[in-house]
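Colleague: I have a model open and would like to learn how to read it. Could you take me through it one feature at a time?

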Amino acid sequence: MTITVNSPQKSPQKLWRIWRQNNRRQQTLGAIVLGTLFLLGIIVSPWFLGESGLSTVLTQRNQPPSLAHLFGTDWLGRDMLRRSLHGLSLSLRVGLLAASVSALIGTGLGLAAGTFGGWVDAVIIWIVDVFFSLPHLVLLILIAFAVGGGTKGVIIAVALTHWTSLARVIRAEVLQTNSSDYVHLSRHLGKSSLWIARHHMVPHIVPQLLVGLILLFPHAILHEAALSFIGIGLSPHLPAIGIILAESMRHLSTGYWWLGVMPGILLLLAVKAFDWLGENLRSLFDPKTSQG
Amino acid sequence: MQIFKRKRLLEVLSVLLASCAIASCTPNPTDSNTADSTADSTAESSPAQSGSAEQIVLAIGGESEEGYDPTLGWGRYGAPLFQSTLLKRDENLNIVNDLATDYTVSEDGKTWTVTIREDAIFSDGKPLTAADVAYTFNKAAQSGGLTDVTQLEKATAVDNKTVELTLKKPQSTFVNRLITLGIVPEHAHGKDYARNPVGSGPYKMVQWDEGQQLIVEANPDYYGEAPDIQRLVFLFVEEDGAFAAAKSRQVQVAAVPQSLAVQTIQGMNLRDVISVDNRGLMFPYLPANSKKTPDGDPVGNDVTADLAIRQAANYAIDRQALVDGILEGYGSPAYGPVSGLAWEETKADIEDAQIEKAKEILAEGGWADSDGDGIVEKNGLKAEFTVLYKADDSIRQALALATAEMLKPIGIQANVEGKSWDDIEPLMHSNVVVFGWGSHDQTEMYNLYYSKAAQGDYNNAGYYADPAIDSTLDLAMGAPSEAEAVTYWKAAQWDGKQGMTTKGDAAWAWLVNLNHTYFVDECLDIGKSQIEPHGHGWPITANITEWKWTCK
């Protein structure tokens, strides 16, 4: 976790001073790098850990956290740290895919609505409203079931339901830009809508999009966890973060606290890391804060 | 800004505290219930309710979705509670009279003549006669419910206290119908009977809130020994809910999963009851695509159709480790489908956890690891199959995972998948499935192994078919009495040369028998329990009339 260490021979006090001397821009960059590394680490961890530790060892069941098993073991003697990492990695990958798809849909529809206006705008806004009017979780369950459940069902459901708020933000941004003078000028000069979208809109939208994408992650991850928590699709012995948490519920009354607390903290950290990443990226991109 | 926020927070907190003090956060003493015994006073509405001879609360599951009509299957695993049966099994599983005073079987084994006691009265006040018995048996045969009375040709009441049951062909297991089929009143048996059962059992139904609770009261007209406990409330909660309720002393009897049985609860004793409630791996017996079920589902699996695979799996599994690790010791290894019952062939038991022996069997069967991936092959076929388990059953999940782990060292790859029964059904004739069975009735063993019982449902799902076993099972079924059939039931399991268990065809890999674990209030004496069958209904209430509340 020591990102700023360039020369290891420096004393901690000195390092701290150097850190304090850094301006906010460097701190922001540091935070972004730190958050990214943490999340990337979780995503690739299963490839380093392999399948070891996921198999059942009946003689080592229900062990509290120790040096050998930092997160303890579950009722079948499986190592909870490895299970949690596997589960969170799956969740993050699902989240990544779903958030990217959502961002694509959101940007496309938002751009279209803002640029073309008229009935296109009306239809897109209507679709957005329909999505908003349905409880999100119900919609997720419906879609996951409709496409046949399983990991595929979860991914499709999460991907198809998270674009709405982003589409709204982008539409608003486009509308604002649309009414500006240079866009009016371009129109009078006879440029096509597509040309205006490409040259005037996109540069304004990219920062919004990036931040929006990052902030979609935690939503997507939590919803993936929620879906696997209520048991849609995945077999209950697979390590998904929602399944792990659901299973820990069964052991609440018996005092095996580490089954729920440790994976829960890991999930919390991951979601918080995304939040942090998003905030720092925003302050880097936003013209009002990026020069500070 | 910061200071302002903090101030606000303090304000909010203090307001909350004050309002809490006024409205009293502690429960009002008058709320904590007036132990009145109206039908509405449930365990939920009255926290920390304690039991008494007046009323006890049981959280032992067993809500019957199809209701409480014996002719539709209620009570097929014993103890119908509302109704009484002609015969019953005592705590040692010996057959004793209940409604019947005597019964005889004709020379050809096709006619059963039963005389019944004359003092039995239904809970609506009308007497129970031979006509009701005849009606019940005819109705059950007609409805084709889960109670298997298909061999009955007709039942006729000879006089008020004698009934004659005529069979299509002799059936040694028919006595089990007399043991499990609760007698319903002909005059009050209609469409809504399953919701409002009327019977001559020790208790009568008072109220049933589906999915929540069922309240019964002692039947004052019961002809047998009057029960000590006046009122029983069955709470329908999940197993961990039952544990939590027991911990807060809201229930007096709680059925808990074995994993929770290691916990202790103040004021409650753990009661583990031996059962024949078993779990095992069912192997598809035929090669892949050898036929289709009536519904068009595939039958057969090339890997498990090989005897060496089935036997090696049986020998490799360490059943005691499963009992200790998954059931926390509350269970026993199972080598056949009827452990602990009089018709179990103990010679069929094997020494398991023998990796070397399992490897030898595989090698002799022609299985070898030629490509060095740790999985054996034979003629290009990898020793790999899928084990399906019911997704929401944690014991079956654990058994599937642990067994797959035990098969790895001998080079068999078992992939584990959890699904709902709906999803398992089309796959269960071509994949290995974790099933649970266990009954006091030999018919179940017959249905699991008899070739013609394989009709595309749960009976003989693996399409096991061995002509020699079939004929032994036929002999057992056709024997004139249960006692005489026992030899044949044993021979079908293993007679020294052939059998359906491991040393013979190894059609299944039986794993464990569960002990049913209950937390029982210290003040409640529930007598001696019989070996319990598979967990549907309320097997623990089989001796309910002997239950005593010992505290004052």
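This is a predicted model: local features need pLDDT of at least 70, side-chain atom pairs count only at pLDDT 80 or more; totals for chains, interfaces and linings use all residues.

Colleague: Which domains does the assignment give for chain B?

Modeller: Domain bounds come from an automatic or database domain assignment. For chain B these are domain 1 (49-61 + 202-273 + 517-549), domain 2 (70-192) and domain 3 (276-514). The C-alpha centres of domain 1 of chain B and domain 2 of chain B are 27 Å apart. Their contact (C-beta atoms, placed from the backbone, within 7 Å) takes 22 residues from domain 1 of chain B and 14 residues from domain 2 of chain B.

Colleague: What classes of residue make up the domain 1 side of that contact in chain B?

Modeller: Ala, Val, Leu, Ile, Met, Phe, Trp, Tyr, Cys and Pro count as nonpolar, Asp, Glu, Lys and Arg as charged, and the others, Gly among them, as polar. On the side of domain 1 of chain B that touches domain 2 of chain B there are eleven nonpolar, eight polar and three charged residues.

Colleague: Which residues touch the most other members of the largest nonpolar core?

Modeller: In soluble globular proteins, nonpolar side chains tend to be buried together. A nonpolar core is a set of buried Ala, Val, Leu, Ile, Met, Phe, Trp, Tyr and Cys residues joined through C-beta atoms within 7 Å; buried means 20 or more other C-beta atoms within 10 Å of the residue's own, exposed 12 or fewer, partly exposed in between, with C-beta atoms placed from the backbone. The largest core has 131 residues, and those touching the most other members are Leu58(B), Ala59(B), Ala254(B), Ala312(B), Val387(B) and Tyr449(B). Beyond its neighbours within four places in sequence, Ala312(B) contacts Ala358(B), Ile361(B), Leu362(B), Ile410(B) and Ile412(B).

Colleague: How many residues of strand E21 of chain B are buried?

Modeller: Strands (E, at least two residues) are DSSP runs, like helices (H or I, at least four), numbered from the N terminus. In E21 (residues 508-521) of chain B, 14 of 14 residues are buried. Two strands pair if DSSP finds at least two bridges between them. E12 (residues 268-282) of chain B runs antiparallel to E21(B), with twelve bridges, and Met282(B) has Trp508(B) as its bridge partner.

Colleague: How many residues of each chain are in contact with the other?

Modeller: The contact involves 13 residues of chain A and 19 residues of chain B.

Technical notes:
Residues are numbered from 1 along each chain as its sequence is written. Chains are lettered from A and ligands numbered from 1 in the order in which they are written. Two residues are in contact if their C-beta atoms, placed from the backbone, lie within 7 Å.
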